[in-house]
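Open your viewer and get ready to select. We will go stop by stop.

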Amino acid sequence: MRFGIALGLINGVIGMITAPILLLSLGAAATWDTNLLPKFLGIPWLFAGGAALFMPFIHAVGGFLVGVLLAVIYNFAARWTGGIEFVIND
């Protein structure tokens, strides 16, 4: 669970970084060509804007689920192989 929470937080921050980039790039694309402007003001533009607003939450939930899944897979693999061992010589 701890790995899932940590990965969820990391991915949530990544979502907070990528959401403004997505909005800026879509805004630039809408102003690039005036012939495309009516297409961007319809449902796809609103869907992309809404997706950008919820992107941090979606990234956090997805990161949590993937983190928990990876931890479960690692725990099963560690039982069979003995896990990862660190040897530190002083």
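Which helix is F57 found in? F57 is in helix α3, which covers residues 43-81. Keep in mind that this is a predicted model.

**Stop 1: F57 itself.** Is F57 buried or exposed? F57 counts as exposed, because its relative accessibility is 57% and the cut-off for exposed is over 50%.

**Stop 2: the helices.** Now show the whole protein as a cartoon. You will find three helices and zero strands. Read along the sequence, the pattern is α-α-α.

**Stop 3: confidence.** Colour by pLDDT. Which element has the lowest mean pLDDT? Select residues 37-40: that is helix α2, with the lowest mean, 56. Go back to α3, and you are at the highest mean among the elements, 86. The protein as a whole averages 81. Of its residues, 78% score at least 70.

**Stop 4: the surface.** The protein exposes about 7200 Å². Carbon and sulfur atoms supply 77% of that area. Now think about the inside: of the 90 residues, 17% count as buried.

**Stop 5: contacts.** Finish with pairs of residues at least 6 apart in sequence. Among the contacts between such residues, 82% join residues at least 24 apart.

Notes:
Residues numbered from 1 in each chain as written. Predicted model: local features only at pLDDT ≥ 70, side-chain atom pairs only at ≥ 80, totals over all residues. Heavy atoms only, no water. Helix = DSSP H or I, 4+ residues; strand = E, 2+ residues; numbered from the N terminus. Buried < 20%, exposed > 50% of the residue type's maximum accessible area, 1.4 Å probe, protein only. pLDDT = per-residue confidence, 0-100. Contact = heavy atoms within 4.5 Å. Areas by Shrake-Rupley, 256 points an atom, 1.4 Å probe, with all protein chains shown as cover.
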